[in-house]
Amino acid sequence: MALIRGSARYLLTEAQAGRLHQLLSEQARHQWEHQVGVGEVRSWMRSLPPLLNELVDAGLGDVEVLLEHKLPHSPKRVDVILCGVHPRTGEVSYVLVELKQWSKAELLVADLVSIAAYSDAVLHPVAQVRAYCQYLVDSTPALADLPLAVHGIAYLHNATSADMPSLLKYRSDRFGRMFTEDFKSELVAHLRALLDVAAGRDHARESADRFLRFAHGPSKPLLQLAAKEIQDREQFVLLDEQRVAYQLVEQAVATARAQRTQTVVVVLGGPGSGKSVIALSLLGELSRQGRKVHHATGSSAFTNTMRKVAGSRNTRVKTMFKYFNNYVGSEPRELDVLICDEAHRVRENSVNRWTGKEKRALAGRQIDELIDVAWVPVFLLDENQIVRPGEMGSLDEITAAAAAAGCGVEVIRLDGQFRCGGSDAFDEWVGRLLGLDQLPPINWSRMTAGTDDDFKVAAAANPAAMEAWLRNQGEQHSGTARLAAGYCWPWSDPIGTTGAKHLVADVAIGDWKRPWNAKPGKRVPDAPESYYWASDDRGFGQVGCIYTAQGFEYDWSGVIFGPDFVRRGDRWVARREYSHDPAVKKADEAHFGALIRNTYKVLLTRGMEGTCVYSTDAETQDFLEKMVG
């Protein structure tokens, strides 16, 4: 969807009359339901007229222009897309344009550029538009079959080649070429080589209409690449119920294809039962078969880490990892399979403060959107990991939504513990400890007496002792160690000047003080981004919260019980007044306690080799020490 479309000639007339930026602002308020920033309006006023002038002067006034076009299943927008006909092939031709007002810039390293007006490095505009082109082709099968249909350019209309010589050395190709103000003639020649000046308005309009009607989903080249990167790179071994779940999905896909029937598959399993292994195995195998498949989650940290792991050697694969809210307004059965990992994080709807008015009108229940978009939606979940208000991924919700949509449902329950050192005993111990099991809490030593279970469980007298225990285990036995806590302390933004920012030691228990992990979108030197706290070695020394720990695993886990969840007599008490989680504090009384309990269940089950516990509350600490033994 574009904010505005029209011929280059018409849009230039509007720009010269001072109306184009106003039209864009009005459309933005209508579609996005928020006021556009002054900087964006200024960029429209300064950048669009030069490009439109070049088009009209080149005899391309009839070309159809899409402004601020949103990429499919993505929040990213392309500044300009030119739609016309290729002068040599007679086929549709599309040119994606990234506009920059830069007057001076310098290439730092690889794809990064330094701009005097910006404190942080930014992406080279050619790299930016190249990524947009590749993404568009990878997610539009019809364009993948038209090898000459898509091109990309970056136009720096305020700069000359003398202002940024290092940027001009950056490699160019079909998806990305850079032009400066003193290379207007080359820009015009390039555009005339891609867009037929004699095609006329009807052909240009039809080219744009066709572009806007394209069905979206991963293209064959992307699926082949994903199969190689995921399936060939990782040797996943699926056991017992994991193999059953995997084959059940394959069978559902085959049936859907042959009989045109839709089947929902639900895979239920606790922490470490192999849900994500199944998800990645399916993604690799279905990609190899050429099926249109996406992997989606509701967790920013989890999705970014999956993108990093699966797409470490080729960034194109990362585009197959989506969020649950990327499917508002999608066409029914656009995909063969949608793999919804961590599906307990499915929310009531996909609307947020960035959702535009038109999409907001299309938005229904998120669970319905996820079911409707694929022939075989697959939901992998643990109902005891719902930790925020509005999360509603459960077997009952999914089954009811599937029945309402007329879909069959297959359910697989994963038994066994493949995390926590393979310790089913520890998973049961946690359930009993927190009151999630009908059986009463039991001492760990007693529970494992006479067994060969070697999972380590310890209680620390204070946070410093816990940190020392984690460091010692990591050094002696190797592996990753992380300390996490309930959300019982404030979470400050980093402080300091640009380039010298540091995290604030918000988590203070007596003389012991440590910072939370970095906030999403807040970069701090020598600290990993929030997405990678669990996997980056620099995460040790920071306290993880539920939102950075959920979905991940590490060898050695430390968990601080804060004053929001305390033991009183023979029961747990959840105390809202001690919670600093703005979302959870809004929950009603019926749900607040369950969310806090599930939070500690998640934190306790991250470790694969051992876990250490400590509580800031004396009575709770005494209980934990007795339960550890």
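The structure is a predicted model, in which local features need pLDDT of at least 70 and side-chain atom pairs count only at pLDDT 80 or more, while totals for chains, interfaces and linings use all residues. Residues are numbered from 1 along each chain as its sequence is written, and side-chain values use heavy atoms, with hydrogens and water left out. Helices (H or I, at least four residues) and strands (E, at least two) are DSSP runs numbered from the N terminus.

**The mixed sheet**

- An open sheet is formed by 6 strands in the order β1-β2-β3-β4-β8-β9, with mixed pairing, where two strands pair if DSSP finds at least two bridges between them.
- At the edges stand β1 (4-7) and β9 (177-180), each with a single partner strand, so one side of each is left without a neighbour in the sheet.
- From one strand to the next, the twist averages 25 degrees, where axes are lines fitted to C-alpha atoms, for helices over the stretch in contact, and angles run from 0 to 180 degrees between N-to-C directions.
- Strand β4 (residues 92-100) runs parallel to strand β8 (residues 150-156) and is joined to it by 7 bridges; V97 has I153 in β8 as its bridge partner.
- Lying across β3 (77-85), β4, β8 and β9 is helix α7 (residues 184-194), which runs at about 165 degrees to β8.

- Another open sheet has 5 strands in the order β16-β24-β21-β17-β20, and its pairing is parallel.
- Its edge strands, β16 (456-459) and β20 (543-544), each pair on one side only.
- Between strand β21 (residues 554-561) and strand β24 (residues 607-615), which run parallel, there are 7 bridges, and S557 stands opposite T611 in β24.
- Helix α20 (residues 589-604) packs on this sheet and touches β17 (481-485), β21 and β24, its direction making about 150 degrees with that of β21.
- S557, placed in strand β21, is buried, with a relative accessible area of 0%; buried means under 20% relative accessible area, exposed over 50% and partly exposed in between (1.4 Å probe, protein chains only).
- When its neighbours within four places in sequence are left aside, the contacts of S557 include W469, L470, R482, L603 and T611, contact meaning heavy atoms within 4.5 Å.

- On the surface, L108, V109, L112 and L123 form a nonpolar patch that has about 340 Å² of accessible area together, areas coming from the Shrake-Rupley method with a 1.4 Å probe and, for residues, with only the protein chains shown as cover.
- Patches are made of residues with over 30% relative accessible area and no salt bridge, like charges being joined within 9 Å and nonpolar side chains (Val, Leu, Ile, Met, Phe, Trp, Tyr) within 5 Å; a salt bridge is a side-chain nitrogen of Lys or Arg within 4 Å of a carboxyl oxygen of Asp or Glu.
- L112, in strand β6 (residues 112-114), is partly exposed, with a relative accessible area of 35%.
- H30 belongs to helix α2 (residues 20-32) and counts as partly exposed at 33% relative accessibility; H30 and L3 are 27 residues apart in sequence and 9.4 Å apart in space, C-alpha to C-alpha.

**Positive phi values**

- Most residues other than glycine have a negative phi.
- R260, in the loop between α10 (241-259) and β10 (263-269), has a positive phi near 55 degrees and counts as exposed at 54% relative accessibility.
- E342 also has a positive phi near 55 degrees, but this residue, in the loop between β13 (335-340) and α13 (357-362), is buried, with a relative accessible area of 5%.
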